[in-house]
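Hello,

Here is the structure I promised to pass on to you. Have a look at it first, and then read my notes on its aromatic rings below.

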Amino acid sequence: MDVSRAGRQREGHPPDAIADRYERLFYHPCVGMGIEYREEPCKSALNPVKGMGFKWSLNPYMGCVHRCTFCYVRHFEHRSDRPADDRYGTSIRVKANIADVLRKELARPSWRHELVVIGAATDPYQPAEGRYHLTRACLETLRDAANPLSIITRGPMIVRDIDVLTDAARRADVSVTFSVPTVDEEVWRKTEPSTAHPRQRLRALARLVEAGINARVGMAPILPGISDKPEQLREVVRAAREAGATGIWANLLFLRPGTREHFLEHLAEDWPEQLPQYQELYAGRAYLGADVMKPVKQAVSGLAREYGIADRRKVRLAPPPEPEQLSLAVDPVPKRAPAGARGRRRAG
Ligand code: SF4
C-alpha cells in the first residue's frame with residue numbers, strides 16, 4: 001500500500017485530514033522514495049526482552065524509513081539474512097492488528113503489569129503512524145489497562161498523542177525519550193537522512209513537558225571525532241535544558257556486523273579523514289572501551305548538573321480538562337450562557 005497522500009487518493013482511500021496534516025508536517029523526506037508498506041498481522045504484540053533494563057518491548061512497525069546510517073537495527077537485519085545496506089527501511093511491515101492483540105495479552109491473568117517499552121527496535125512515530133495510528137491505538141490500550149509505558153522516538157508527531165499520554169500518566173508511569181544525539185546541522189543531515197530536525201524534536205519535547213509528561217533526551221549515538229567535541233555536547237545539553245528535559249543520558253556509537261559495514265561506507269564518503277581513526281577505534285570490537293566512553297559520558301553528566309537537568313525529574317501533570325472544556329472541544333460554537341449567569345461566573 002502506498003501511504004502517501006497521492007497514493008491514498010490513487011488507491012481510492014477516503015481523505016484523512018489528520019493524517020494529511022501530519023504528512024505535510026513531517027513526511028516530506030519520504031515522499032517519492034518508493035517505500036513499500038506490508039500490512040501483515042502479528043500473533044503477539046509484546047516481545048520478551050533479555051539483558052536490558054526492561055522486560056517487554058512493543059513495535060507497531062518493523063523497519064524504519066528514517067534509515068540512520070548508524071542504526072543498530074541493521075545488525076539484526078543482517079543476522080536474519082535481510083538487507084542491512086541502503087535497502088534497509090524501504091520495506092516496512094505494518095502490524096495492523098497489534099492493538100487488538102495487545103489488549104488480549106494485557107487481559108491475561110498471568111500479565112503482571114510490567115513496563116512496556118515502545119520503539120526499542122523501530123521508530124513508533126515514523127511516517128506510517130500518520131496513516132495507521134497503531135502507536136496511538138497501543139497507547140490507548142496501555143492506558144485503559146493502567147500499564148506503565150515508555151517511548152523512544154525521533155518523531156515530533158508524538159505531540160498528536162499528548163491527550164492519551166497525559167491520561168495514561170494519571171494511571172501509571174509514563175516516560176518519553178527523544179533521541180537527540182546532536183544538534184549539529186551537518187552531522188544530523190549526513191547521518192539521519194529522513195528524521196525531523198533535532199530542534200523540532202526538542203520543541204515536541206517542550207510540548208510534552210508542558211503537559212506534564214516526563215520527557216528526557218537520549219544523546220545516542222555520539223560519534224567519536226564527529227559529534228563529541230565539548231562545544232557540541234554543551235549545545236545539546238543546553239538545548240535540552242531550554243526545552244525542559246527531565247533527564248539526559250549519553251551513549252557512544254557501537255558497530256556490530258551489518259551496522260558496521262554500512263556506517264563505515266557512509267563515513268568514507270562523508271568524513272573520509274575520519275575513516276582511519278574509526279578503523280583503529282573499532283578494530284576487533286563493536287563497543288568502545290571505558291577509556292573512550294567514560295570521558296564523554298562524564299562530560300555530559302557534568303553539563304547536565306551544570307544546567308540543572310539532573311534535578312528536574314519531577315514534573316506536574318496538567319490537570320484533566322474540565323467538562324466544560326471537553327464540550328468546547330467537540331462543539332466549536334459553544335452556546336452563550338444567559339447574561340446574568342456569565343456575570344455570576346466572572347464574579348465568582
Ligand atoms: S530512527 Fe531509530 S530505528 Fe529508525 S533508522 Fe534511526 S536509529 Fe534506526
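Let me start with a charge and a ring: K190 lies over the face of W271, at 5.0 Å from the ring centre. A charge sits over a ring here if NZ of Lys or CZ of Arg is within 6 Å of the ring centre and within 35 degrees of the ring normal.

Please keep in mind that this is a predicted model, where local features need pLDDT of at least 70 and side-chain atom pairs count only at pLDDT 80 or more, while totals for chains, interfaces and linings use all residues. Residues are numbered from 1 along each chain as its sequence is written, and side-chain values use heavy atoms, with hydrogens and water left out.

Now the ring pairs. Rings of Phe, Tyr and Trp (its six-membered ring) pair if their centres lie within 6.5 Å; planes under 30 degrees apart count as stacked, over 60 as edge-to-face and the rest as tilted. That rule gives five aromatic pairs.

In one of them, W56 and W111 have ring centres 5.4 Å apart and planes at 65°, so they meet edge-to-face. W111 is buried at 10% relative accessible area, and W56 is partly exposed at 22% (buried means under 20%, exposed over 50%, partly exposed in between, with a 1.4 Å probe and protein chains only).

F263 and Y278 also pair: their planes are at 40° and their centres 5.8 Å apart, so this pair is tilted. F263 is buried at 2%, and Y278 is buried at 0%.

Finally, ring pairs join Y72, F254 and Y287 in a cluster.

Best wishes
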